[in-house]
Amino acid sequence: MLDDRAKLLLKALVERYIADGQPVGSRTLSRASGLDLSPATIRNVMADLEELGLIASPHTSAGRIPTARGYRLFVDTMLTAQRERLATPSLAPDQPQKVITNAAQLLSNLSQFVGVVMAPRRTSVFRHIEFLRLSDRRLLVIIVSPDGDVQNRVIFTEADYSQSQLVEASNYLNANYAGLAIEQVRERLQHEMEKLRGEIAALMQAAVQVSSEALSQEQDDVVISGERNLLAVSDFSSDMGHLRRAFELFEQKAQLMRLLDISSRAEGVRIFIGGESQVVPFEELSIVSAPYEVDGQVVGTLGVIGPTRMPYDRMIQIVDITSRLVSNALSHNK
């Protein structure tokens with residue numbers, strides 16, 4: 001455990017490094033901490049912090065910088081979020097996809113880093129289903145979701161159906177299953193197969209399968225805005241390898257999805273610091289994230305991606321405010 005003096009010096013070192021981006025020496029740290037300590041005493045404390053893996057000495061510099069472990073201790077136990085006056089943003093209720101796109105842009109504009117939003121998990125519930133005969137054994141399935149989204153899918157069937165049979169099947173599905181999740185429809189159909197005529201049952205099973213695929217697909221799983229902001233961050237512009245790795249993360253959206261999915265299972269704002277685990281494999285990046293809701297149910301996650309040397313207190317505010325704005329806009333829209 002660190003004593004109060006070591007904690008105060010670590011806090012001062014992290015804050016100074018976040019502000020300046022330069023390794024912090026003992027003399028600078030003495031002024032920043034406000035403690036009346038000799039340079040020798042401060043050097044001894046810094047040596048202890050380095051031995052604990054909380055700070056490190058880059059190259060031949062006499063100064064020190066925080067490690068991932070140092071940032072984590074700072075964020076978890078020393079961070080005091082100053083409630084500064086942010087320009088009050090707005091996020092008008094609109095189509096869900098537009099709300100998500102606007103939220104990513106808002107996060108990017110406020111933070112001057114990268115805004116990322118995981119699109120809401122789409123419900124597998126359908127409001128209406130209809131079949132249209134295109135040709136022999138070739139049908140168009142029209143599926144309408146509760147929010148009015150229309151999906152069209154072409155299916156090929158083993159049997160050829162007349163238009164009257166197609167109307168019969170769609171009427172049965174709409175009368176008995178509208179408003180239920182596709183999984184529930186599939187389960188009920190399996191129990192009722194014996195009651196239904198064989199050819200109509202097969203058609204309904206095919207429709208349920210294609211509906212499940214259509215309603216589970218996302219137009220954009222993750223919306224990213226402001227990648228070019230990283231070009232202005234000295235931590236990246238001075239090392240193109242760092243920047244390249246950052247852009248690789250954005251291109252590998254599946255990895256971002258896993259990260260945001262972890263965030264959605266927690267309450268409030270979470271901070272992932274690069275290099276401390278496999279969650280964020282790039283040492284130069286940190287992510288501040290929070291879940292958002294629709295009518296009280298968590299449906300997605302949003303956040304800010306920036307350098308490990310980011311002003312975490314300000315990012316917490318930005319992410320927290322944006323998650324509330326998105327929740328309100330989507331709940332109102334619904």
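Which residues does valine 326 touch, not counting residues up to four places away in sequence? The legends below take that up along with the rest of this predicted model.

**View 1. Valine 326 and its surroundings in the largest nonpolar core.** Leaving out residues up to four places away in sequence, valine 326 touches Leu91, Val99, Ile100, Ala103, Tyr292 and Leu302. The core around it has 73 residues, and Val326 is one of the three that touch the most other members, together with Leu256 and Tyr312. If you're wondering which element gives the most to this core, look at helix H12, residues 312–333, with nine residues. There's also a second, separate core of 23 residues, with Ile182, Leu189, Leu203 and Val208 among them.

**View 2. The whole chain, for orientation.** The chain runs to 334 residues, and 47% of them count as buried. Take the contacts with a separation of 6 or more, and 61% of those come from residues 24 or more positions apart.

**View 3. An open sheet of five strands.** Follow the order S7-S3-S10-S9-S8 across the sheet, where the pairing is antiparallel. The edges belong to strand S7 (222–225) and strand S8 (270–273); each has a single partner strand, so one side of each is left without a neighbour in the sheet. On average, neighbouring strands here are turned by 20 degrees against each other, direction ignored.

**View 4. Strand S3 next to strand S7.** S3 covers residues 114–118 and pairs with S7 in the antiparallel sense over four bridges. As background, strands of a sheet pair through backbone hydrogen bonds, either parallel or antiparallel.

**View 5. Helix H1 against helix H2.** H1 packs on H2 (residues 26–33) at an angle of about 105 degrees, and their axes are 9 Å apart. That angle makes H1 roughly perpendicular to H2. From H1 come Leu8, Leu9, Ala12, Leu13 and Arg16, while H2 brings Thr28, Leu29, Ala32 and Ser33 to the contact. Sorted by class, that's six nonpolar, two polar and one charged residues.

**View 6. Helix H1 against helix H3.** Here the axes of H1 and H3 (residues 39–51) come within 10 Å and cross at roughly 85 degrees. The two helices are therefore roughly perpendicular to each other. Look for Arg5, Ala6, Leu9, Leu10 and Leu13 on the H1 side, meeting Thr41, Val45, Met46 and Leu49 of H3. The contact divides into seven nonpolar residues, one polar and one charged.

**View 7. Helix H1 against helix H4.** H1 spans residues 4–20 and H4 spans residues 68–78; their axes come within 10 Å and cross at roughly 110 degrees. This makes H1 roughly perpendicular to H4. On the H1 side you'll see Lys7, Leu10, Lys11, Val14, Glu15, Tyr17 and Ile18, which meet Gly70, Tyr71, Leu73, Phe74 and Met78 of H4. The class tally for this contact is eight nonpolar, one polar and three charged residues.

How values were computed. Residues numbered from 1 in each chain as written. Predicted model: local features only at pLDDT ≥ 70, side-chain atom pairs only at ≥ 80, totals over all residues. Heavy atoms only, no water. Pairing = 2+ DSSP bridges. Axes fitted to C-alpha atoms, helices over the stretch in contact; angles between N-to-C directions. Core = buried A, V, L, I, M, F, W, Y, C linked by side-chain atoms within 4.5 Å. Buried < 20%, exposed > 50% of the residue type's maximum accessible area, 1.4 Å probe, protein only. Contact = heavy atoms within 4.5 Å. Parallel < 35°, antiparallel > 145°, perpendicular 65-115°, else oblique. Nonpolar A, V, L, I, M, F, W, Y, C, P; charged D, E, K, R; others polar.
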